[in-house]
Amino acid sequence: MAAPTEAALTEAAPAKVNLALHVVGRRVDGYHELESLVAFVDIADELVARPARTDRLTVIGPFAAAAGSSDSNLVMRAVRAFRARWPDRLPTGLDITLTKNLPVAAGIGGGSADAAAMLRLLARLGDGDFPLAELRAIALTLGADVPMCLLSRPAEVRGVGEIIHPLRDFPPTHLVLVNPLVPVATAEVFRRLERRHNPPMPALPQPLTRPAQLGLWLAETRNDLEPAAVALVPAIGELLADMRLLDGCALARMSGSGGTVFGLFGSAAQAHQAAHELRARHPQYWVAAAPAIG
């Protein structure tokens with residue numbers, strides 16, 4: 001067992017944003033082949049863990065009620081998977097607190113980001129070295145988005161989420177996120193897809209260092225899940241229209257399978273002003289503005 005320490009460790013679980021998401025095929029096992037450019041935003045859930053007699057998870061924060069029971073939560077599944085792979089490398093138990101700041105079933109990582117953050121925290125807390133390749137293998141057993149969230153940096157992602165190419169360069173980017181607080185079932189969005197074999201993403205500029213490069217590239221891309229999600233939750237379409245009318249918005253798109261809509265802005269000031277206007281227009285929705293993590 002790892003040497004005990006009473007110090008609490010904290011780990012952020014940043015929101016994931018699919019800047020582009022192309023559905024390019026369907027495999028024989030029923031899973032879809034995807035191509036995506038993902039970024040991570042400086043808005044996050046937070047995990048705190050300290051040694052204890054048994055494993056225990058407490059969920060607090062504005063979205064705690066929607067996060068599910070502690071036993072089924074992806075955070076505890078990550079702990080169990082880590083212990084199964086390295087049974088004698090952690091304290092006997094962990095007292096874990098998850099502050100749930102991100103909406104659930106919102107297309108921005110959420111539970112996947114929490115699971116990935118838990119794996120990073122366990123690797124810091126545990127006794128010895130934990131190879132990234134093995135952590136990624138555990139992450140994939142927890143969900144398709146967990147491996148990319150484990151890195152939490154801009155990346156091209158392919159396959160079902162297991163093929164990840166982190167970007168060496170990424171331009172400074174400011175995002176506004178808005179969610180109508182209507183959970184969107186990913187399986188239902190995929191079921192409603194009209195086409196499952198779409199054109200792939202274009203090649204990224206090398207190096208990708210300027211916001212204008214990113215904007216031009218994104219103009220040639222899509223989120224192939226967006227039409228199906230809008231049909232399922234019309235509020236997503238209304239938010240896309242609202243976002244496009246805001247000063248400084250270079251692109252408005254849905255992230256993942258929805259229902260979070262994001263806008264790209266040229267400066268922090270523009271992003272925060274846009275967020276202010278969206279909060280005034282939709283006081284019942286979740287709205288946040290933050291830079292992408294480079």
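Residues are numbered from 1 along each chain as its sequence is written, and side-chain values use heavy atoms, with hydrogens and water left out. Because the model is predicted, local features need pLDDT of at least 70 and side-chain atom pairs count only at pLDDT 80 or more, whereas totals for chains, interfaces and linings use all residues.

Helices and strands are DSSP runs numbered from the N terminus, where a helix (H or I) has at least four residues and a strand (E) at least two. Two strands are taken to pair if DSSP finds at least two bridges between them. In general, the strands of a sheet pair through backbone hydrogen bonds, either parallel or antiparallel.

Strand β9 (residues 261-265) is joined to β8 by 5 bridges, and the two run antiparallel. Within this pairing, Cys249 stands opposite Phe265, while the bridge partner of Arg253 is Phe262. The hairpin of β8 and β9 has 6 residues between the strands, and in it Gly256 takes a positive phi near 55°. Strand β9 is also joined to β7 by 5 bridges, again in antiparallel fashion, and here Val178 stands opposite Val261. Of the 5 residues of β9, 5 are buried, where buried means under 20% relative accessible area, exposed over 50% and partly exposed in between (1.4 Å probe, protein chains only). Val261, Gly263 and Phe265 point one way from the strand, and Phe262 and Leu264 point the other way.

Asp242, found in helix α8 (residues 234-244), counts as buried because its relative accessibility is 15%. When residues up to four places away in sequence are not counted, Asp242 touches Leu278, Arg281 and His282.

Rings of Phe, Tyr and Trp (its six-membered ring) pair if their centres lie within 6.5 Å, and planes under 30 degrees apart count as stacked, over 60 as edge-to-face and the rest as tilted. By this rule the count comes to 3 aromatic pairs. Phe82 and Trp86 form a tilted pair, with 4.8 Å centre to centre and 55° between the planes. Phe82 and Phe130 also form a tilted pair, at 5.0 Å centre to centre and 50° between the planes. This second pair links distant parts of the chain, as Phe82 belongs to helix α1 (residues 74-85) and Phe130 to the loop between α2 (111-125) and α3 (132-142), 48 residues apart. Phe82 counts as buried at 0% relative accessibility, and Trp86 is buried at 5%. Together, Phe82, Trp86 and Phe130 form one aromatic cluster.

Technical notes: Contact = heavy atoms within 4.5 Å.
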